[in-house]
Number of protein chains: 2
Amino acid sequence: MEKILEKVLRRVKPKKLDRERLKKVADGLVKRADDACSELGVEARAMLVGSAARRTWLRDERDIDIFILFPENLPREELERKGLEVAGKVAGRRGREQFAEHPYVTMKFKGFDIDLVPCYDISDPSKIQSAVDRSPHHQRYVEARLTPELTDEVLLLKQFLTGIGAYGAELQVQGFSGYLAELLTLNYGSFRGVVGAASTWEPGVVLDLRGKYPDLEEARALFTGQPLTVIDPVDPNRNVAAAVSMQNFATFVRACQSFLNNPGERFFFPKPVKLLTSRQMSWVLKQRGTTLFCIVFDRPDLVPDITYPQLRKTERALVTKLTRAGFWVLRSDVWSNGKALLLLELSIAELPRVRAHPGPPVTVKAEDFISKHLRSKHKLAGPFIDEAGRLTFEVEREHARGREILEKALEERTAFGKHVAKSLAKGYKIYDGQRVLALARRNKGIRRFLSGYLTRCLPWHR
Amino acid sequence: MEKILEKVLRRVKPKKLDRERLKKVADGLVKRADDACSELGVEARAMLVGSAARRTWLRDERDIDIFILFPENLPREELERKGLEVAGKVAGRRGREQFAEHPYVTMKFKGFDIDLVPCYDISDPSKIQSAVDRSPHHQRYVEARLTPELTDEVLLLKQFLTGIGAYGAELQVQGFSGYLAELLTLNYGSFRGVVGAASTWEPGVVLDLRGKYPDLEEARALFTGQPLTVIDPVDPNRNVAAAVSMQNFATFVRACQSFLNNPGERFFFPKPVKLLTSRQMSWVLKQRGTTLFCIVFDRPDLVPDITYPQLRKTERALVTKLTRAGFWVLRSDVWSNGKALLLLELSIAELPRVRAHPGPPVTVKAEDFISKHLRSKHKLAGPFIDEAGRLTFEVEREHARGREILEKALEERTAFGKHVAKSLAKGYKIYDGQRVLALARRNKGIRRFLSGYLTRCLPWHR
């Protein structure tokens, strides 16, 4: 295992030159920000935070986060105005204003992705006004504790998480953030310590680095329903792992188990998804014997952190509709990149016309139920009493094909993501069965997505 | 309602001539039995019991039950030997020995079905040795209480039960016995009284005519799980309604509700099942969109009371097998008359090849599970972690067609009725889909059965 980790580290650890290059850019930007504050007469100072500041960035990462800290008594409105003014002066024409919980500026600069984020410089982190106000505290907490040796361990963990597809707290991933990886490493002392511990985790595990909760049950009650809880050392009311989904939690635990059982570089650098040819795709579809429905439409013009939750919500609404109508959805997925795509795989895409329609229990009078259904043109048989004593009619199913349910749901758009619903209202196309091949031929992104879907597999088993 | 009941009574109540004819035959047989006892030097006496003795027989009924009562200290072996001797002498060459709980003789005589049943003359009915020993006690209990007016009410109730298909305690019917109908009438004072009360019954109702249980909860606990409990007035440990299935219980309650709501002769004399032509049958099958499987084989040479439970048991075994394999059985039924038939109607008769195969929970190591399925030639996708955090493979289903499951189950014959299994071992034929039409064309009994199945409906709604 030693050798594997050494090899991995050689590939992911920034070289001296990388570090110097990043330092030069980051220092230059911090200075420009401080200068801008002086020039504009703003009482604020710039601070480099995040992995760039802590030397826990992977060689491929290109993120530099610079926070501009304002005094905490400044009214929020002014913070936003002045913050954007400073950031705008630093970024110049390269800058793009973004809106998360509050506004900030991004820019591409010398090959780096720069975030310029105004925030409050708050002394007690439990009294923050916005999530971004926590970052300087995180910075100080980790900086004070992370030795150069531990930095290497963080890099290994981050690359491991990247390899298994569980790195990133954004809503598209719902995985482990860089800060979470740093805390786990601090807690267990090494990459191997983390892996050993996590291999025995069960859902509901709670880590409390600074012992903020003398009784862990209290923390467990507070963060109930979350597969992993890591109490934020700078704010005991916050779970650093709040973004981690059950799926990514289990993926990480399984990866740790498998890695201990049979370590290998494949966990850190898995093979990419193999692109299927049309012929292969057609063969796999036939072999599965299911019916695939791809709903393709124009992607709402929004950041992935908004698009993905809305796509997932829409996916859930469709799965629920289909399931309620008696269909079996084997799997489903969403994808977005230029176009947006909802994918539903039905085990059974067409049901028999007849379905049983049970009436009230025997203690409830049923004359109205009976006379209503006796008159209905959809009645096929009944009323009769089944073995369990239930009054039953057999009636014609309104929609016997999954496609009909889908089309109806796409017209109604109930419980869909708001912007996704808007995009769908403008138009969509449903490709089903072997017709998805045409779609995959036209769009390489979709081909990659479908290839991954059809050969779905944990990355280290590819 | 008065008029309806009068009309019904005119049709079902035996005329004076019917009564005289039956009396003559019954009296003659009782005398012959007593004479036979004397001639053979047997210390026993004959007794007319059942509906013939109580004037509660419907005009169409042709049953005469004569019991031969032996002293209770006679060894069982001797009772059987002497009983058959006496019965044999009465019946002569017409007699046929039967074996229920113990042996008796039946014969056809002057248009009647005669049962000649040896039993013990036991003073305390809670100490009976065999169920037949109770009949003389039932006879005395009912005889002492049933006025001529109440006799008419019993006839109405029996015909009502006949009309709705719930008359008869035999295992093929699992309904209400004649004795049960008499007790219900005694308890509620009239046919209308019974119907009014039963229309509000819920499963678990307990009737205790002689107040043998001061606390009805005790009786309820004793006969738990039975939809209807009527404590036998001559034996508090026995539920007279033990044979009544949940289906027949609910049918009776619904019939009473509907009769009160809209009375009519149709409850007593429903239209017969309409025979479907081949064309109609084909159309109904298409309209339902399901797949029908008829398994036809030689009926085991046994009385219906043994054949039917075995057919039902076999039916349940097949339904369970199919359901476990992922198929939906919409309905099923059995039939027997010369040939025997198992009918299974599948909503979905063919499943996709792929099925999800979940592994152990995340807290259980899964390396063996993973490596086993990775090597399997039936693997289609996986391992992956689903949304709920479950490790999952997608594998090829062993049997994707319902017919394969059926054929396998018919070869294994696990949990089948014993004699049915034997008959099936000798050979069977499966007819599916539209091929059942050929079957219905060849056999009128099967045609009637299938017609009833496909247009299934409570008799009074035909």
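Across all chains, the tally comes to 71 salt bridges, where a salt bridge is a side-chain nitrogen of Lys or Arg within 4 Å of a carboxyl oxygen of Asp or Glu. The model is predicted, so local features need pLDDT of at least 70 and side-chain atom pairs count only at pLDDT 80 or more, while totals for chains, interfaces and linings use all residues. Residues are numbered from 1 along each chain as its sequence is written, chains are lettered from A in the order in which they are written, and side-chain values use heavy atoms, with hydrogens and water left out.

Take chain A to begin with. Arg59(A) and Asp18(A) pair up through their side chains in a salt bridge, at 3.8 Å from N to O. This pair links distant parts of the chain: Arg59(A) sits in the loop between α3 (50–54) and β2 (63–71), Asp18(A) belongs to helix α2 (residues 16–39), and 41 residues separate them. Helices here are DSSP runs of H or I with at least four residues, strands are runs of E with at least two, and both are numbered from the N terminus. Arg59(A) has a relative accessible area of 22%, so it is partly exposed; the scale calls a residue buried under 20%, exposed over 50% and partly exposed in between, using a 1.4 Å probe and protein chains only.

Another salt bridge joins Arg390(A) to Asp386(A), with 2.9 Å from N to O. Its two ends fall into separate classes: Arg390(A) is partly exposed at 43%, whereas Asp386(A) is buried at 15%. Chain A also has a network of salt bridges, which links Glu78(A), Arg81(A), Lys82(A) and Glu85(A).

Over in chain B, Glu39(B) and Lys89(B) form a salt bridge whose closest N and O atoms are 3.2 Å apart. Glu39(B) is part of helix α2 (residues 16–40) and Lys89(B) of helix α4 (residues 76–91), so the bridge ties together parts that are 50 residues apart in sequence. Glu39(B) is exposed at 57%, while Lys89(B) is partly exposed at 44%.

Now for some helix packing. In chain B, helix α6 (residues 148–163) packs against helix α8 (residues 191–198) at an angle of about 45°, and their axes are 8 Å apart. Axes are lines fitted to C-alpha atoms over the stretch in contact, and angles run from 0 to 180 degrees between N-to-C directions. That makes α6(B) oblique to α8(B), since angles under 35 degrees count as roughly parallel, over 145 as roughly antiparallel, 65 to 115 as roughly perpendicular and the rest as oblique.
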